[in-house]
Amino acid sequence: MAVHVGSLIPLARLVWDGYTRHLTANPIQALTQRTGYPALVLLALTLACTPLNTVLGLRWTVPPRRTLGLYAFFYACLHVLLFTTDYFFLVDEGQRWAVLSQQLVEKNYIVAGLAAFVMLVPLAITSTKGWQRRLGRRWRWLHRALYLAAPLAVTHFLWNAKGGADRNEPLVFGAVLAGLLLLRLPPVRRAAYRWRAQSTARARTLVLE
Amino acid sequence: MPYFNRLPMIAYDDVDPADVTPEHVYRNRRRIMALAGGAVGAAGAALVTGCGDLSGLSAAAPQPTIAAPGQVNGQTDELGDQLNSYDQVTNYNNYYEFSTEKEEPAKLAKGFTTAPWTVQVGGLVAKPRTFSVDELVELFGPEERIYRLRCVEAWSMVIPWQGFPLKKLLEAVEPTPKAKYVRFETARKPTEMPGINRGGFPWPYIEGLRLDEAMNELALMVTGLYGKPLPVQNGAPLRLAVPWKYGFKSAKAIVKIDLVESEIATFWMKSGPTEYGFYANVNPEVPHPRWSQSTERRIGEIRRRSTLQFNGYGQQVSKLYEGMDLKRYY
């Protein structure tokens, strides 16, 4: 429940700000940016679930993983839809294909973002229990595509920044993401396990003494 | 349009809301004057200037009048494009010295002192001199111009500025034959401009023009907009407006103008060498490395419109670039 409420807050704020006319003088751009950002945050949270469980033993973080991932996809859909319709419904209709293709294909940051989005589509489709059963072992492999899609999404954010201090936030995202992915590497994970086992053992001996 | 006119209005330290001409009156002021003049005769016109509320008249004849390039005659620019509202112009600003968020400069502007303010004009000139802003207006202006402002981020506005041609100022200080470029240095006041403290940028903001560009009739030094003193977030007390170039060329809060011999490394050239060139002429054919420049969103409109070469000022400025490869000198 908390996951649903939390994930819908950005949407609720968008609707409220739209209703009260607080989407700046350039509302379409504001909407595009403010749907991309929660998609990134939710992607990072999705990837945080597993290491929080393996490293810190927070088992409750595992069940919301799918919901978080699907909300990330939901915001990504809005983001992509806003962007493409913006460049499709031009005043000069004759220009639309030229402009759209220039935007979608020639710009690195868009290519990165679009690649991330395309990778999320099959993950969202196969996120159900039924698909999980049908795909068996392959399901895990397929969903490791997120390890590629999330860095691509952050790259998209970074390449869209103007430079200077504008890059700080994407770089923080990148560092967090790198950490979350690093914690998945088998040696790191094993070390974390050992550390946890030792500390619980130590705690137990302390109690016994 | 009505949607955007309801944006909240911000009050400024240096402007008493009671002194501000309502926008609809401003837009129709020439017609109002004409009507009033017709009604009371030439002698009565003097009385009308002191009049408070003439707003009733503005609804009488909603005929848009079209201005000559750069001249304010009514509600549109010379292409027939509607002016952006005062709220739009003063609440959606790129001003990194304050913030990278566009609605923040209007809020953060309150602590910024614009008086006293002097501008040091020197370098390769025969008569270097320091001017106060009041002196500049007294000597060279003011006149009104409606210009389109095209931001490099692919949005645009139509703005009625008040100011004086940069040419007049430059002629007054007499550039020497060696002078080829004009360098603009702007305020760097970390205590009053919180964005400067964020680091990562080569402050102060430096801009530049080639001397012949600076001498072009369209290059305007701005001290006001919509008939009011220039708000801080729009570059008070003195900014540049070069309407055929992307907005970032039009430096705000100018403190120093130098005539120099060689091309200037501007703030954005230093910040993003692969993205920003010296000329930065509006050009739909030359995309920004990260986005297309062939369309723009006019603030207040939903659908993107096509961007015009030189932002629609080709007739006045294309001769400056004859024989130049604009794809190379972007």
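Student: Which hand does the crossing of H2(A) and H8(A) have, left or right?

Tutor: In this predicted model, helix H2 (residues 27–56) and helix H8 (residues 146–160) of chain A pack with their axes 10 Å apart and at an angle of about 150°. The hand assigned to the crossing of H2(A) and H8(A) is left-handed.

Student: Which residues of H2(A) make that contact, and into which classes do the residues of the contact divide?

Tutor: From H8(A) come A:Leu146, A:Ala150, A:Ala153, A:Val154 and A:Phe157, while H2(A) contributes A:Leu40, A:Leu43 and A:Leu47. Leu, Ala, Val and Phe are among the residue types that count as nonpolar. The residues of the contact of H2(A) with H8(A) therefore divide, under that classification, into no polar, no charged and eight nonpolar.

Student: Turning to chain B, what is the strand order of the open sheet of five strands, and which strands are at its edges?

Tutor: The open sheet in chain B has mixed pairing and the order S2-S1-S10-S5-S6, with a twist that averages 20° from one strand to the next. An edge strand pairs on one side only, and in chain B this applies to strand S2 (129–132) and strand S6 (206–210).

Student: What is the bridge partner of B:Val182 in S6(B)?

Tutor: Strand S5 of chain B, which spans residues 181–186, is joined to S6(B) by five bridges, and the two strands run antiparallel. In S6(B), B:Val182 has as its bridge partner B:Leu209.

Student: At what angle does helix H7 of chain B run to S2(B)?

Tutor: Helix H7 of chain B, residues 133–140, lies across strand S1 (118–123) as well as S2 of chain B. Its direction relative to S2(B) is given by an angle of about 95°.

Student: How many residues of chain B are in contact with chain A, and how do they divide by class?

Tutor: On the two sides, 23 residues of chain A are in contact with 30 residues of chain B. The elements of chain B that give two or more residues to its side are helix H1 (2–5), helix H5 (86–91), strand S11 (295–298) and strand S12 (305–306). By class, the 30 residues of chain B comprise nine charged, eleven polar and ten nonpolar.

Student: What percentage of the residues of chain B count as buried?

Tutor: Chain B contains eleven helices and twelve strands, and among its contacts between residues at least 6 apart in sequence, 67% join residues at least 24 apart. Burial here requires 20 or more other C-beta atoms within 10 Å of a residue's own. Of the 330 residues of chain B, the share that count as buried is 43%.

Technical notes
Residues are numbered from 1 along each chain as its sequence is written. Chains are lettered from A and ligands numbered from 1 in the order in which they are written. This is a predicted model: local features need pLDDT of at least 70, side-chain atom pairs count only at pLDDT 80 or more; totals for chains, interfaces and linings use all residues. Two strands pair if DSSP finds at least two bridges between them. Helices (H or I, at least four residues) and strands (E, at least two) are DSSP runs, numbered from the N terminus. Axes are lines fitted to C-alpha atoms, for helices over the stretch in contact, and angles run from 0 to 180 degrees between N-to-C directions. Two residues are in contact if their C-beta atoms, placed from the backbone, lie within 7 Å. A crossing is left-handed if the near helix is turned anticlockwise from the far one by less than a right angle, and right-handed if clockwise. A residue is buried if 20 or more other C-beta atoms lie within 10 Å of its own, exposed if 12 or fewer, and partly exposed in between; C-beta atoms are placed from the backbone.
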